[in-house]
Every structure is written in C-alpha cells, then in structure tokens.
Amino acid sequence: MMIAPAITPASELTISPRLAKNVRRNFTERVIEFILMLAALSAVATTFAIVAILLYESLGFFKTVSVWEFFTAKEWTPLFEDAHYGIAPLVAGTLTTSAIALLVAVPIGTIAAIYMSEFASYKTREIVKPILELLVGVPTVVFGYFALLFVTPLLQKVIPDLQGFNMLGAGIVMGIMIVPYIASVAEDAMRAVPMNMREGSYAMGATRFQTAIRVVTPAAISGIVAAYILAISRAVGETMVVAVAAGQQPNLTFNPMESAATITAYIVQVAMGDLPHGSIGYQSIFAAGLVLMVMTLSFNIIGHIVRKKYREQY
Amino acid sequence: MENQNLTSTATANTSLMQNLQEVRDMIRRHKRKDIIFASVGLLALVLALLTLLTLFSDLVIDGYPKFNPDFLTEFPSRRAAHAGILSAWVGSLLVMLVTFLTAVPMGVAAGLYLEEYAPKNWLSDLIEINVSNLAGVPSIVYGLLALGLFVYGLDLGQSILTAGLTLGLLILPIVIVSTREAIRAIPASIREAAYAVGATKWQVVKDHVLKYSQGGIMTGVIIGMSRALGETAPIITIGALTFIAFLPPAPISTTAPFINFEWLSSGFTVLPIQMFNWLSRPDHAFQVNAAATGAIIILVTLLMNGVAIWLRYKIRKNIKW
C-alpha cells in the first residue's frame with residue numbers, strides 16, 4: 001500500500017484532508033482483504049470441522065467397541081440386540097460395487113476418451129462433450145431408480161436367480177455414471193499432449209490408431225491413471241445408487257449376485273431411522289464415515305501424486 | 001547384352017511390384033484397424049448418450065400417469081394416487097435459496113482472494129490444498145458434518161437452514177474453482193490500466209475483475225446449484241423427515257413486517273428425498289410417483305446444466321481480449 005507523502009506544514013496539528021482520505025481508503029482496503037481472506041479460510045475450516053466431528057464421534061464409538069473388533073469381526077449389526085461391530089461386511093460391499101463400476105467405466109471411458117481426442121472431428125467433439133457434461137450432472141438418486149427398476153429386471157432376464165437387490169446392477173449403473181467423468185478427464189490429459197508428437201509419429205508412417213495407442217496414450221498416462229484413481233474415489237463414496245439398488249443388509253461377500261450394504265448405504269439406512277443423539281448406533285455412522293473418508297482421501301492423494309510425479313513435461 | 005538387361009529389369013520390377021503389394025497390404029491392414037477402433041469408439045460414445053436417453057424416456061414413460069397439475073399441488077399421501085410433491089418442490093426451492101445465499105458470496109470471495117490477493121506463502125498453499133481436497137470428499141460426509149455440527153452442535157435442528165448450509169458447503173469448491181478460472185482468463189493489462197488511472201486494488205477487483213468474470217462465475221454457480229438440487233445423501237443424513245404434509249411458513253407476508261425468517265427453522269422435504277422415499281416402498285403405485293418426480297428432477301437439472309454449458313460456449317466465443 002502506498003501512502004502519498006503528506007504535504008502539511010509541521011505547525012498544523014490536523015492532518016490534511018487528502019491524507020485523511022488516503023488513510024480511510026487504505027483502511028477500507030485492508031478490511032476488504034481481511035473479509036475475503038476469511039471467506040477463503042472457510043475451506044480450511046470445513047476440512048478441519050469434518051475431521052474433528054468424525055474423530056470426536058468415532059472416539060465415543062471406540063470407547064465401547066475395541067479397534068480390534070472393528071477391523072476383525074465378520075458381522076456388522078450395531079442396531080441388533082446381539083450387536084457385532086465388524087466393518088468388514090460394509091467394506092466388502094463397498095469394494096465389490098466399486099470394482100464392478102470400474103470394470104464397466106474404465107474400458108468404455110478410456111475408449112471414448114481416445115476416440116474423442118484422436119479420432120473425432122471437431123464438430124463431433126463439440127456436440128459430444130457438452131452431452132457428456134450433461135450426463136455428469138444427472139442426480140444420483142435418478143440413477144438409483146434406473147438400477148433398481150430398469151437394469152436389474154433386464155439382468156434378471158439373463159440371470160434368472162438374481163436377487164431384486166444386488167450389487168451387480170448397482171455396480172453397472174454406477175459404472176455408467178462414472179464413464180463421462182473418466183472420459184472427460186482422460187480426454188483433457190490426451191489433448192494436452194503437444195501436436196508435434198503426433199505429427200512426428202504420422203511422419204514416420206504411423207496410422208491414427210498406432211499414434212493414439214503408442215504415442216499419445218503413453219505420453220498422457222499420468223493424467224489417465226489419475227482419472228481412474230479419482231473414479232475409484234467417486235465410486236467408493238457414491239451413496240444413492242447403492243442405497244436404492246444394492247440392498248441394506250450388511251453381508252460379508254464379494255459375490256456380485258447377492259445383495260449387500262455398503263458403508264454409504266449403512267449411513268443412509270441409520271439416518272432414515274430415528275436414532276437418539278449419542279447412542280452407539282448414532283456414533284457408529286461416524287465411525288463408518290471415518291473409514292469412508294480415509295478410503296477416499298487416500299485414493300485422492302494417490303491420484304494427486306500420480307498426476308504430479310509421473311507427468312511428462314514437453 | 002540388351003536381352004539380359006531387360007530380364008533383370010523385369011525381375012527387379014516383379015520384386016518391386018511384390019514389395020509394393022506387401023506395403024499396400026500392410027497399409028490396408030493398419031487402416032482397417034483404424035476403422036475398427038473408430039467404430040468401437042463411436043459405439044462407446046453412443047452407448048453413453050443412449051443411456052441418458054433411455055434413462056430419461058424410462059422415467060417419462062413410467063411416470064406418465066402422474067403428469068398432471070394435481071401432482072404439483074398435492075401433499076404426499078398414504079394413497080399413491082393422491083400423493084403429490086407440493087411440499088417437496090417448495091422445500092427444494094427454499095433450501096436452494098439458502099444454499100445460493102451462502103455458497104455464492106463465500107465462494108466468489110474466496111476465489112477473488114486466492115487469485116487477486118493471496119501472497120505466495122504456506123497459508124495460501126494450505127487453502128488451495130483444502131479447496132481441491134474438499135471437491136473430492138464424498139457428499140455423504142458433508143451430511144455427517146452437518147449432523148454433528150449444525151443439527152446437534154449448533155442446535156439448528158433438522159431445518160431448512162441446516163440443509164441449505166450443508167449444500168452450500170458442498171458446492172463451495174465448485175463455485176471457488178469456477179470463479180478462479182473465470183478470473184484467470186482476464187489479462188493483466190486490464191488490471192494495469194485500472195491501476196494506472198489511480199484505482200485501488202478493491203476498485204480494480206470490483207469494477208473490472210468481477211465485472212468481466214461474471215459470466216464464468218455464473219456458469220459455475222448454475223452447475224453447483226443443479227448439483228445441490230439433485231443431492232440426496234447429505235440431506236438424508238441430517239435426518240430430514242420424508243413425510244411432510246405441510247408447507248413452511250411463507251417468507252413474505254402481506255402484513256408487517258412483510259418478511260419473516262420462521263421458515264428457516266421449519267421441517268422440510270426436498271424432491272430427491274421424496275423420490276427416494278417413494279422408491280424404497282415395495283408398492284408399484286408409489287414407484288410411478290418416484291418416476292414422475294425423477295423426470296422432473298432430471299428435467300430441471302439438465303436444463304440448468306444446459307444453460308451453464310451454453311453460457312460458457314457463448315463466453316468463449318464472444319470474448320477476445
């Protein structure tokens with residue numbers, strides 16, 4: 001901040017109007033900057049509050065339940081008379097649905113990204129990209145409806161003894177939901193590869209396909225892998241599709257034909273009921289939430305590291 | 001001598017022809033791979049687009065019997081045929097109002113600070129890391145935060161205010177990131193020109209930076225709001241009731257003092273929760289209601305996203321610094 005030199009005679013005790021105006025002006029500037037900084041700090045405060053709340057309520061939970069039981073017991077029945085507190089069934093459900101989602105989303109998403117970046121004409125891309133963005137904006141509860149009442153009945157025609165609630169249908173729909181996300185992040189990474197690398201490849205007589213697979217994809221691999229990892233994190237944290245279509249019963253299985261609750265589905269199920277504040281059931285959703293947070297956070301961090309560390313600079 | 005020469009040229013020619021043939025075959029093979037991959041890629045894209053179409057038409061077909069004005073003006077009911085979404089859409093509207101009023105000022109201010117004011121130090125780095133990290137936090141975790149902090153910690157209860165604040169925090173990273181992107185597109189020369197005629201920093205920011213980034217910020221706000229409209233998990237987590245057969249007190253009245261804030265602490269339901277509630281009932285009649293609600297949600301969010309994308313396209317096309 002610059003303060004204009006005061007041109008007041010030393011004998012005068014009052015400050016000149018010009019200087020007073022400057023002082024006022026500087027003061028206002030500082031206040032505004034401070035307010036803006038507070039707004040920016042709200043992001044830090046939110047993170048801090050999330051961690052604090054999850055840890056605080058989980059601590060209450062772990063006063064009743066030993067950490068050992070939490071990670072080794074094979075049953076999760078906190079709301080029953082005969083309560084067991086093993087997180088394993090919920091984690092198994094979460095991992096199974098996420099794995100199915102990735103099996104669907106990674107191939108389709110990658111192929112769509114390569115096509116959009118390397119094959120599609122300018123016009124096609126201008127039409128398709130916005131539509132993919134629209135698909136990202138579809139609310140997840142609607143996808144839940146789709147999984148339960150459209151995809152599952154369709155699957156039951158192929159696999160007659162599939163249960164009404166099953167992880168397969170939920171996982172497939174979740175995968176379809178993630179495709180646009182992988183496609184658009186991976187496409188951005190591929191488009192960032194400089195044109196002269198492609199031109200070099202074409203000059204050597206390579207075709208579009210060879211250029212796309214052997215030149216562009218390896219060059220953009222850090223961005224593509226980061227897209228996959230962020231997609232895992234999204235699948236793990238996804239709630240409504242699994243809460244609607246995968247069932248609400250904790251079930252220690254990796255069989256996609258069965259129904260099983262995920263961590264998120266459990267939280268929804270408990271929150272729908274009327275649990276007294278401070279009870280063990282209430283605390284259990286925070287312990288489950290903490291596990292979820294740790295899982296997604298570690299995927300996000302790995303994704304960040306992959307993108308930073310393995311980025312090829314051209 | 002001449003004869004011999006001719007023969008050797010002929011042999012050379014045949015082997016050259018053979019080579020040429022091989023090369024042409026190779027090129028053809030590779031081109032075929034190109035075409036195969038291009039068709040597979042197109043198929044993958046078409047599949048994604050078809051899903052959107054199937055999803056929407058499935059909802060519209062299933063929910064068709066409920067597309068009448070009564071559906072919008074009736075409260076939910078135990079009888080599926082009479083159930084409507086009046087309390088749900090009013091609730092959604094009021095929650096979105098709170099979300100807008102919290103997320104937009106905070107998000108834009110934070111974005112301005114990070115782009116225009118923040119010095120290069122550990123604090124700015126910390127804020128940036130937090131913003132990008134918050135964007136990756138699952139929405140249900142925001143619900144847990146709200147349950148512990150707003151509902152019980154600050155004792156706001158399961159109210160419209162709680163839901164609005166929760167969704168406000170949820171879309172804050174979206175607003176911040178889009179604000180920053182919009183600001184970054186403004187060239188330094190604009191700022192320098194304003195400084196040169198004696199503007200203070202805030203005057204530059206307010207009269208120039210903010211003004212020229214309006215469109216970009218608006219895009220992010222619309223996308224964030226459409227996300228908030230469809231978000232279900234955090235609102236369920238704070239324990240919102242699903243059966244609401246009343247409306248919150250009206251925010252505006254005809255008698256003095258004309259505006260009241262009682263509605264903020266009122267119980268509520270929102271469209272996606274109403275849909276989830278109907279969806280989780282085994283009765284098929286309620287699933288028709290769920291489909292109709294889903295069709296309305298998807299229509300509104302698609303419309304909002306469409307406007308945002310169109311806006312961004314227009315900005316990109318029009319502004320040439």
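So, where chain A meets chain B: 72 residues of chain A are in contact with 77 residues of chain B, and contact here means heavy atoms within 4.5 Å. Before I go on, this is a predicted model, where local features need pLDDT of at least 70 and side-chain atom pairs count only at pLDDT 80 or more, while totals for chains, interfaces and linings use all residues. Residues are numbered from 1 along each chain as its sequence is written, chains are lettered from A and ligands numbered from 1 in the order in which they are written, and side-chain values use heavy atoms, with hydrogens and water left out.

Okay, back to the interface. The two chains, A and B, bury about 6,700 Å² between them, 80% of it on carbon and sulfur atoms. That buried area is the accessible area (1.4 Å probe) that two parts lose on being put together, summed over both. On the chain A side, the residues losing the most area to chain B are Leu36(A), Tyr115(A) and Tyr145(A), together 10% of what that side buries. Helix 1 of chain A, residues 17-64, gives the largest share of the side touching chain B, with 18 residues. Helices, by the way, are DSSP runs of H or I with at least four residues, and strands are runs of E with at least two, numbered from the N terminus.

What classes of residue does that side of chain A have? It has 51 nonpolar, 15 polar and six charged residues. Nonpolar covers Ala, Val, Leu, Ile, Met, Phe, Trp, Tyr, Cys and Pro, charged is Asp, Glu, Lys and Arg, and the others, Gly among them, are polar.

How many salt bridges cross the interface of chain A and chain B? Zero, by the rule, which asks for a side-chain nitrogen of Lys or Arg within 4 Å of a carboxyl oxygen of Asp or Glu.

Now chain A by itself. There are 12 helices and zero strands. The C-alpha trace of chain A spans about 100 × 70 × 35 Å along its principal axes. Of the 314 residues in chain A, 53% are buried, meaning under 20% relative accessible area, with exposed over 50% and partly exposed in between (1.4 Å probe, protein chains only).

Is Gln210(A) buried or exposed? Gln210(A) counts as buried because its relative accessibility is 17%. Leaving aside neighbours within four places in sequence, Gln210(A) is in contact with Gly205(A), Val215(A) and, over in chain B, His30(B).
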